Amino acid sequence: MTSKSPTAPSPTILLREPLDALLTRYGRSPLALVQVLREVQALNGWLPRDLLSWIAGELGLTLAHVEGVAGFYRFLHLQPVGDYRILFSNNFTDRMLGGQELMDDLCRRLGVVPREMRADGRVSVAHCSCTGMGDQGPALLVNHRHVVTRVDTDRVVQLAEFIEERVPVADWPSQWFHVTDNIRRADVILGTPVTPGAAISAALARGPERILSEVKKSNLRGRGGAGFGTGLKWELCRKAPGDEHYVVCNADEGEPGTFKDRVLLTRHADLVFEGMTVAAYAIGARKGFVYLRGEYHYLLGELQAVLTRRREQRLLGASIQDQPGFDFDIDIHVGAGAYVCGEESALIESLEGKRGTPRIRPPFPVEHGYLDQPTIVNNVETFCAAAHVALSGATRWTSVGTTRSTGTKIHSVSGDCERPGVYEYPYGTRIDRILEDCGATDTQAVQVGGPSGTCVSAFEFGRRLAFEDVPTAGAFMVFNRSRDMFRMVRNFAHFFAHESCGFCTPCRVGTALVVKRLDKIAIGHGSRHDIDVLFELDKLMHTSTHCGLGATACNALRDTITKFRPAYEQRLKSLHFEPGFELDDELEKARQLTGRDDANAHLEEWA
Ligand SMILES: Cc1cc2nc3c(=O)[nH]c(=O)nc-3n(C[C@H](O)[C@H](O)[C@H](O)COP(=O)(O)O)c2cc1C
Ligand code: SF4
């Protein structure tokens, strides 16, 4: 680990050799900019301007462009951040487990002000969005690479000591970094072993046209949120003209409370790659990418090992399974802490080494995606499901689930329950069944699909998780009656404001205004007028934002105002307009200036 004083001499000379090797590995391509920045930062700790300038020169880019990209991603730093950079997950379920108190404790022990580097450059402590460890929180990230699960006071005490004594992270207790899979219920995907290559063989036996029609017949719909028909997406891409076609696996999994893709990538990486390879065969692609969220960097080595093994097994590379002309390989691109990069067009921008700003759509990625070429983007779980369809056929797949929601869905269950973890059920399973299975009692609400999803209250627990009833991208956050739903919504509002990419005004300003109104209510200055304004903001953002982040940012707010109104009303100061500050206090300066402090100079006296 290097020391990081803002006045230190340029590190460029010191790092020249490893940097050269790194750039050579990435072919000095501007497309690799995000990867290069991430890795350079890992070498140097942060990204000083002279280093960015050098990278810009080497990649044939302008410094302004490189700075613009580096400035976009939360895990890239243009200022020194400390040898040890500790990021506590700010997800609401981590907070329910005491994450905030543990962070405060660590800051106290280390003498650190949150979000500021300690004067000696040793350490900084801040929040990050959800780390994807909702089933084993509270969790934190160290230097963006290592995740510590189940943080408790003992770990905080030891953590502070390690940092003070400069113990390298590699020497910290290995059990701190242990991530358990917590598979609690397995069905078709989690419970059926698939021999590597079996789904590819089945696809090859059918041929690309027939595998495409099989996926269409299966009525498989995307598991990433929008639920678009997978077969149709693949068909549109296959038919779109282009020099190359691309397959992209969306492993960004940034929706707070979601961690099922983490488990699939850990336990079923072969199945994910198998599904991608089947997709490549169907659409005629030679290149694929996994976009792995930065928080899951710890999975990178194992995923690369699986890719290497598959190349050796002739399941990737040239002439897969000796099929002439069927060449396909996969690269892994690691994200750098931006929730919006889960949106497919922002993800593609990021893959191209740019800021993750969502594109104007249409055109859609199936026609103009990566490098403007036809591209399919699918969720991790969708690829696993597609591999099963290829292997067992559409009829087997449609025999599970409902007519409009075929097959199974994997849920990430967290919050107030005895058995948090990953549960796979046929589509159409009732919410109360899952609550029973996970050991949830006295539940007042379930946030289905994460902050951008649906807040379901107790009287709706008979509803079913399916596209036609309660759709979900996978999060299932349980809240018992001791929880304050207002605090949950406020946490979500801060999340969206933090993650808004700032490209369009309704979202950039709207998410900030929502936070302001909720903060105003939280500190006891709220009125009914504020609730009306929040409703208006929801309507405005729902219809006018550039991408789904802004459009869904108020979903939980709207649901909770409707279903948990007392959580808001008990905080209201008045039923009419209330300013966000104490008027009388604000007039103190004026009273001092005029030398008046008699009763008539105080507002209460006039009320
Ligand atoms: C702000 C935002 C974040 C998203 N994050 C993810 C994500 O982490 N993983 C994912 O698969 N889809 C995510 N999506 C949905 C993707 O845009 C896209 O619809 C999905 O990857 C398509 O795959 P599917 O058809 O298999 O669902 C996100 C969408 C938005 C608007
Ligand atoms: S809606 Fe938000 S995240 Fe999406 S483009 Fe606009 S500012 Fe960016």
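Colleague: About how much space lies in the largest cavity?

Modeller: Rolling a probe the size of a water molecule over the atoms shows where empty space is left. On a 1 Å grid over the protein atoms alone, a cavity is a set of points where a 1.4 Å probe fits but cannot get out, and its lining residues have an atom within 4 Å of a point. A volume is the space filled by probe spheres set on the points, with grid points joined across faces, edges and corners. In this structure the largest cavity holds about 70 Å³ of space; of the 13 residues that line it, the closest to its centre are Ser500, Cys501, Cys504, Cys507 and Cys547. Helix 20 (505-522) and helix 22 (548-552) are the elements that give two or more residues to this lining, helices being DSSP runs (H or I, at least four residues) and strands likewise (E, at least two), numbered from the N terminus.

Colleague: What should I keep in mind about the model and the numbering?

Modeller: This is a predicted model, in which local features need pLDDT of at least 70 and side-chain atom pairs count only at pLDDT 80 or more, while totals for chains, interfaces and linings use all residues. Residues are numbered from 1 along each chain as its sequence is written, chains are lettered from A and ligands numbered from 1 in the order in which they are written, and side-chain values use heavy atoms, with hydrogens and water left out.

Colleague: Which ligand sits in the largest cavity?

Modeller: A molecule sits in a cavity if more than half of its atoms lie within 2 Å of its grid points, and ligand 2 does so in the largest cavity. It is surrounded by 13 residues, the closest being Cys501, Phe503, Cys504, Cys507 and Cys547, where near means that a heavy atom lies within 4 Å.

Colleague: Which element gives the most to the lining of the second largest cavity?

Modeller: Helix 19 does, with 4 residues; the volume of this second cavity is about 40 Å³.

Colleague: How is strand 10 placed, buried or exposed?

Modeller: Buried means under 20% relative accessible area, exposed over 50%, and partly exposed in between (1.4 Å probe, protein chains only). In strand 10 (residues 408-415), 7 of the 8 residues are buried, so the strand is largely enclosed by the rest of the structure. Two strands pair if DSSP finds at least two bridges between them: strand 10 pairs with strand 11 (residues 421-426) in the antiparallel sense over 6 bridges, and with strand 16 (residues 475-480) in the parallel sense over 4 bridges.

Methods. 1 Å grid on protein atoms, 1.4 Å probe; cavity = no way out; pocket = protein on both sides within 12 Å on 5 of 7 lines; lining within 4 Å.
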